[in-house]
Amino acid sequence: RMFHDDELEESEKFYVGQPRVLLLIYALYNTLVARSEMVCYFVIILNHMISASMITLVLPILIFLWAMLSVPRPSKRFWMTAIVYTEVAIVIKYFFQFGFFPWNKHVDYTKDKPYHPPNIIGIEKKEGYVHYDLVQLLALFFHRSILKCHGLWDEDEKGDSSSNKEDTDDELSLTGGRRDSSASLKSVNLAASVESIHVHFPEQQTAIRRKSSSSISQLSHRSSFSSHRSKRGKYIFKNINHSTLSLYFFQCKLQIIKSRCGLYCFRTLQVYVPIRQFFYNLIHPDYSAVTDVYVLMFLADTVDFIIIVFGFWAFGKHSAAADITSSLSEDQVPEAFLVMVLIQFGTMVVDRALYLKKTVMGKVIFQVILVFGIHFWMFFILPGVTERKFSQNTVAQLWYFVKCVYFGLSAYQIRCGYPTRVLGNFLTKSYNYVNLFLFQGFRLVPFLTELRAVMDWVWTDTTLSLSSWICVEDIYAHIFILKCWRESEKRYPQPRGQKKKKVVKYGMGGMIIVLLICIVWFPLLFMSLIKSVAGITNKPLDVSITITLGGYQPIFTMSAQQSQLEDFNQTRFNMLLAGYRGNTAALQFLEGYGKEDITLADLEGNSNSLWTISPPSREKMIQGLLDFSSEFTTYKNMKYLLSHFFFRTLGEVYPYYIKAPSDSLAKPIKQLLKGMYCKWKNITVSLVKNVSGEGVREWWVLNQLGKTFKTSGDSLELIIFSDKVSPPSLGFLAGYGIMGLYASVVLVIGKFVREFFSGISHSIMFEELPNVDRILKLCTDIFLVRETGELELEEDLYAKLIFLYRSPETMIKWTREKT
């Protein structure tokens with residue numbers, strides 16, 4: 001070895017011999033040190049998410065529009081700005097915590113008001129007002145110490161001083177022969193004392209670069225034409241004497257400062273020119289390490305889209321308890337949901353357009369608009385819409401954090417530049433099972449493939465028509481899927497003449513068989529299990545009975561509520577089962593119910609309404625009861641009205657057991673009322689007459705004979721079996737019923753399955769391709785010549801691809817295995 005140190009070797013051995021937990025801690029610390037600036041960004045964003053005030057708003061904006069856009073790293077000026085700003089914010093918050101300020105006297109009343117001025121500014125009085133600011137300051141000082149340890153803290157200033165030194169040396173060399181030493185010294189001192197103003201002329205700079213690169217002789221004149229090493233993006237007139245230029249600008253500055261208006265203009269230019277120069281250098285860099293993080297940006301936008309769909313209530317007013325499924329089922333589209341979805345989808349479309357056009361300037365403008373727009377909306381508009389502070393809106397905080405990740409990726413894309421070529425889908429870079437299934441899942445999303453194809457055609461330079469473009473995309477997708485299957489066949493080859501293994505047959509075939517059987521019998525299984533397993537008990541709240549003789553005035557009306565409706569206990573349920581021992585039909589019916597589904601209704605025997613009937617009707621009813629030959633005396637027309645939020649006409653005297661299904665159609669339970677175990681009950685009906693000074697009052701009294709659980713007083717018993725109802729989350733499926741599910745689900749799925757199993761013979765010439773490498777290369781060649789601007793060649797290659805699919809013989813030659 002060229003270099004050997006015993007101490008370093010012993011140190012390495014000592015480090016390797018440490019426990020794994022300690023090594024993990026070392027690795028985490030090294031990761032923290034390597035990405036200390038990301039820790040600072042995270043703490044600053046977290047502080048702003050929790051505080052959500054104007055004081056904490058400044059630094060996140062500076063992060064996305066200054067720090068993350070700086071090449072190669074944020075400058076010392078940014079970190080000093082962040083440190084000083086954090087210290088000033090801490091002092092301001094501490095100063096406004098004193099109780100003598102008027103807004104600090106009613107803190108409990110104003111702390112939840114989003115538009116209270118101290119809450120907006122961030123100077124409200126609260127517990128732990130400065131905790132996160134101190135953590136932020138600690139993170140900034142930690143990053144500052146890391147930069148100092150690696151000698152990067154004063155790097156910019158050293159670079160400036162070295163550049164100034166080189167410029168000074170060149171100026172001194174140019175002053176010889178025509179100027180004396182005093183004049184040269186005077187000009188140099190003047191240049192050193194006056195702040196230099198750098199002016200950028202892109203055309204001249206480009207011309208100088210081309211001239212210096214084409215002519216070797218000019219490389220020797222570095223003092224007048226070559227550019228010196230300085231910070232990225234600073235361009236200076238090199239063909240003009242620096243001291244003369246500085247003197248000229250100094251004279252102009254003296255003329256401008258003479259007027260107050262000119263002074264304001266000069267100070268404005270001092271702020272505007274560096275900002276403009278920063279963004280200009282960002283759009284026109286000297287070099288660019290191109291990268292492609294569009295997939296990650298798209299995933300971040302997709303996560304935000306999902307947050308909006310499932311948490312749209314957090315972006316609207318009075319919608320905290322809303323549910324998107326219930327709102328859509330009622331044909332109502334919440335305004336907050338609509339606005340958020342359209343904005344999010346629109347930004348995704350614009351981002352795709354910028355990616356296809358590869359315009360860094362458009363991306364910079366879009367980044368600036370989004371950063372200011374999102375922050376203004378989230379922290380000034382949204383609190384007024386939702387009537388709660390941003391720090392109290394967890395869903396909005398999560399959405400903002402994911403959006404900050406998107407802003408960071410966007411800034412990285414701007415700083416590195418767009419890739420020069422965009423070839424195909426990002427899922428088609430590898431030919432394995434993961435890419436295959438992800439790509440097929442991507443194509444299954446409704447309208448996503450079509451929307452992507454149309455957008456790519458709109459924002460990509462091409463000579464193909466839209467139909468031809470879609471044709472190429474479809475061929476490429478199909479060939480990619482075939483390529484993945486052929487690669488899998490190479491990795492897992494099947495020897496000739498060997499039968500398929502049972503693992504494959506029973507694994508794949510058995511799974512398909514089970515799947516098809518489940519689809520066929522899905523409605524029956526669903527309707528059977530939804531109530532028995534996930535069903536909810538639906539007990540009656542009111543039971544009403546009305547007895548009418550013929551078509552005359554009702555003689556009895558009574559209701560039972562609350563305490564008159566008793567739940568069955570286990571003892572009563574066991575007695576009920578014992579009473580039907582040996583009755584198969586009854587026991588089979590009772591198996592579907594538990595004690596919690598049975599309710600005992602105890603109705604008072606005295607009618608709760610007086611019997612009011614006209615004398616002619618009264619006489620006619622009496623004659624009908626005395627006429628034994630009429631059908632009226634057979635009680636075939638006696639009607640009972642039983643209501644448990646439902647009304648039902650019953651044909652027997654008094655059914656003791658009533659079934660209350662999930663709908664409004666009640667009926668007696670035949671399994672428990674017929675045969676030798678018949679539980680039809682007899683009732684006695686008597687008319688009570690009360691004569692007083694107010695007149696004659698009449699009402700009917702009913703009493704059930706042979707009551708099972710009640711023995712005293714005139715009363716009626718009724719046992720009600722309530723069917724379970726489906727949970728609200730599955731009610732939209734259960735509402736269709738068995739036939740509805742068969743018509744809407746099974747038949748539709750069966751149609752797609754039938755298309756998979758039929759029509760295969762028509763696609764053999766396009767499916768059974770042994771080797772698709774040549775066709776895949778032809779498709780990628782079309783993408784490549786399109787990106788390079790060779791549009792005529794694109795037309796030729798497309799015509800070749802179409803001819804290949806029109807000629808089966810040529811297709812056979814192209815897809816043969818390579819020998």
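## Exercises on a predicted model

Pro72 sits in the loop that joins helix 4 (54–67) and helix 5 (76–95), where helices (H or I, at least four residues) and strands (E, at least two) are DSSP runs numbered from the N terminus. The model is predicted, so that local features need pLDDT of at least 70 and side-chain atom pairs count only at pLDDT 80 or more, while totals for chains, interfaces and linings use all residues. Residues are numbered from 1 along each chain as its sequence is written, and side-chain values use heavy atoms, with hydrogens and water left out.

**Exercise 1.** Describe the backbone at Pro72 and at Ala52.

*Solution.* Begin with the peptide bond from Val71 to Pro72, which is cis, with omega near 0 degrees. Then turn to Ala52, in the loop between helix 3 (36–51) and helix 4; Ala52 has a positive phi of about 50 degrees although it is not a glycine.

**Exercise 2.** Characterise the packing of helix 19 and helix 21.

*Solution.* Take the geometry to start: helix 19 (residues 433–444) and helix 21 (residues 466–491) pack at an angle of about 150 degrees, with axes 10 Å apart, the axes being lines fitted to C-alpha atoms, for helices over the stretch in contact, and the angles running from 0 to 180 degrees between N-to-C directions. Helix 19 is therefore roughly antiparallel to helix 21 (under 35 degrees counts as roughly parallel, over 145 as roughly antiparallel, 65 to 115 as roughly perpendicular and the rest as oblique). Next, list the residues in contact (heavy atoms within 4.5 Å): among them, Leu436 and Phe439 of helix 19 meet residues of helix 21 that include Phe480 and Trp485.

**Exercise 3.** Work out the order of the open sheet and find its edges.

*Solution.* The sheet has 5 strands in the order 3-4-11-7-8, with mixed pairing, two strands being paired if DSSP finds at least two bridges between them. Strand 3 (565–567) and strand 8 (667–668) stand at the edges, each with a single partner strand, so one side of each lacks a neighbour in the sheet. Finally, helix 24 (residues 570–579) lies across strand 3, strand 4 (598–604), strand 7 and strand 11 (715–722), at about 95 degrees to strand 4.
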